[in-house]
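Please keep the sequence and the structure open while reading.

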Amino acid sequence: MKKYLKGALLLGSFLLLGCTSLQNQKEEASIIIKNGTLLTMNSEREIIKNGVVVIKNNKIISVGDESLLKNYSAKKIIDAKNGIIMPGMINTHTHASMTVFRSLADDVPDRLNRYIFPLEAKMVTPELSYLGAKHGAMEMALGGVTTMVDMYLYEENAAIAVKEVGLRGIMTQNIIKYPTADGQNKGETLNRAIAFVEKYKNDELITPGFGPHGPHTVTKEELLKIKELSKKYNVPVSMHVAETDVEFNKIKKDFGMTPVEYLDSLGLLNERFISAHNIFVTDSDIELMKKRDVGVAHNMVANIKSAKGISPALKMHDDGLRVGLGTDGPMSGNTLDIIGQMGYVAKLHKLANKDRSAMPPKKVVEMATIGGARAIHRENELGSLENGKLADIVIVETSSVNMNPIFDPYSALVYSANASNVETVIVNGKIIVDNKQLKTVDVKKSIKDITDFKEKVQKVADTL
Ligand SMILES: [Zn+2]
């Protein structure tokens, strides 16, 4: 009996020792971010003062307050210096390669047919698609965008550039019924899209997809094929929808339906569909879009710059649709960061609704982060800072003059901040912007490459 008691005591002290050493042993992580105001954007929209995010490889493994620091160690500790730690922003619609044409012929009537289409037909090459996309992706990264949804010509080259910069990209090959630089013959751009999808189907950062240009610029036959292909490969479709009155009237005249009804009649509207613009939509279109669970890309700045109109995106958001923010291409909206969109989104919807309370800053930040993730149907892995999600994280510094004082972090982001306040950007667990410097590609070289193109572009533009 005595012997037994001694043995038990011995075992007990071993267990105790074991527990103590376990307590002292911290779990090894890859990156720890500390000392910032954490906007989790989780379902409770929890804000954590002195917040800590722990990253292991490409995932977030813990989110909480500074008490977490006793449980984890990491080689890389990022001190957010009282900045705002938030989920990476999602640009749900752009054409990054068009940076090459930025600021050309702004505000000319019928610019799409007079300048954009002819310029693209004459000038776009695989090299242009690559250099332009790289420049665009750089701008997005520096402005806190971690995921972009793109649509352009020679999209496989744009995808290479986006990967080099280190962004997450939903890259969709443009498909249009007119001859283009990357498809002179009927069906060529669709075949290009198929080859691209097959090549990138399992890429970690790039999700390939189909990018039919618009309801009136793609044949019905090809739209039906795209519907089947998107299902077959289980990849997204991004498309301009109800963007102009010309499009609305043409579809009405040809098919007796709204653009949304027309696309639905072809079976295109589903959870793989990302619908950009949505200015000319009726209340029943909105109901239909909700029923079909499509994603919505709201491009306020591009839409008002071209005086096309204000999309009822606020109603869509409030009705529970999946609404994210987008910039459109840099010929349409000129800038590619989402922070620059947020103030316009808030102010214009308030004005349009004559209601100051209609669009609080929190709602706009929702659209920029978790809303964007919902719009691309990836809210389970992106859009908020929560355990198990992919480590796409942004730190916005609060030490600059324009960022002080801060009574409400959402308000500061929407009404005070600009893209140059973004200090750190992490995508898939990798730091791509550190202390406002892009770490992945040579910024100066890209600026030189893009300005070298300027003369060529101007020469062609002079003939139009
Ligand atoms: Zn667009």
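What covers the buried residues of α9? The cover includes α8 (259-265), β11, β12 (295-298) and α11 (313-318), where contact means heavy atoms within 4.5 Å. The model is predicted: local features need pLDDT of at least 70, side-chain atom pairs count only at pLDDT 80 or more, and totals for chains, interfaces and linings use all residues. Residues are numbered from 1 along each chain as its sequence is written, and side-chain values use heavy atoms, with hydrogens and water left out.

**Helix α9**

- The buried residues of helix α9 (residues 283-291) are Asp285, Ile286, Leu288 and Met289; buried means under 20% relative accessible area, exposed over 50%, and partly exposed in between (1.4 Å probe, protein chains only).
- These buried residues line one face of the helix, because they fall within an arc of 160° seen down the axis of α9; the arc is that of the directions from the helix axis to the C-beta atoms.
- Asp283, Glu287 and Lys291 are exposed on the other side of α9.
- Asp293, with a positive phi near 65°, follows α9.
- Helices (H or I, at least four residues) and strands (E, at least two) are DSSP runs, numbered from the N terminus.

**Strand β10**

- In strand β10 (residues 237-241), five of five residues are buried.
- Val237, Met239 and Val241 are buried on one side, and Ser238 and His240 on the other.
- In a regular strand the side chains alternate between the two faces of the sheet.
- β10 runs parallel to strand β11 (residues 273-277) and is joined to β11 by five bridges; two strands pair if DSSP finds at least two bridges between them.
- Val237 stands opposite Phe273 in β11.

**Zinc site**

- His93 (NE2), His95 (NE2), His240 (NE2) and Asp328 (OD) coordinate the zinc ion at 2.0 to 2.2 Å.
- Donors are N, O and S atoms within 2.8 Å of the metal (3.2 Å for Na, K and Ca); water is not among the atoms, so sites may look incomplete.
- His93 lies in strand β6 (residues 89-94) and His240 in strand β10, so the pair ties together parts that are 147 residues apart in sequence.
- His93 is buried, with a relative accessible area of 2%, and His240 is buried at 6%.

**Nonpolar cores**

- The largest nonpolar core has 112 residues, and among those that touch the most other members are Phe210, Leu263 and Phe273.
- A nonpolar core is a set of buried Ala, Val, Leu, Ile, Met, Phe, Trp, Tyr and Cys residues joined through side-chain atoms within 4.5 Å.
- Helix α3 (residues 126-142) gives the most to this core, with eight residues.
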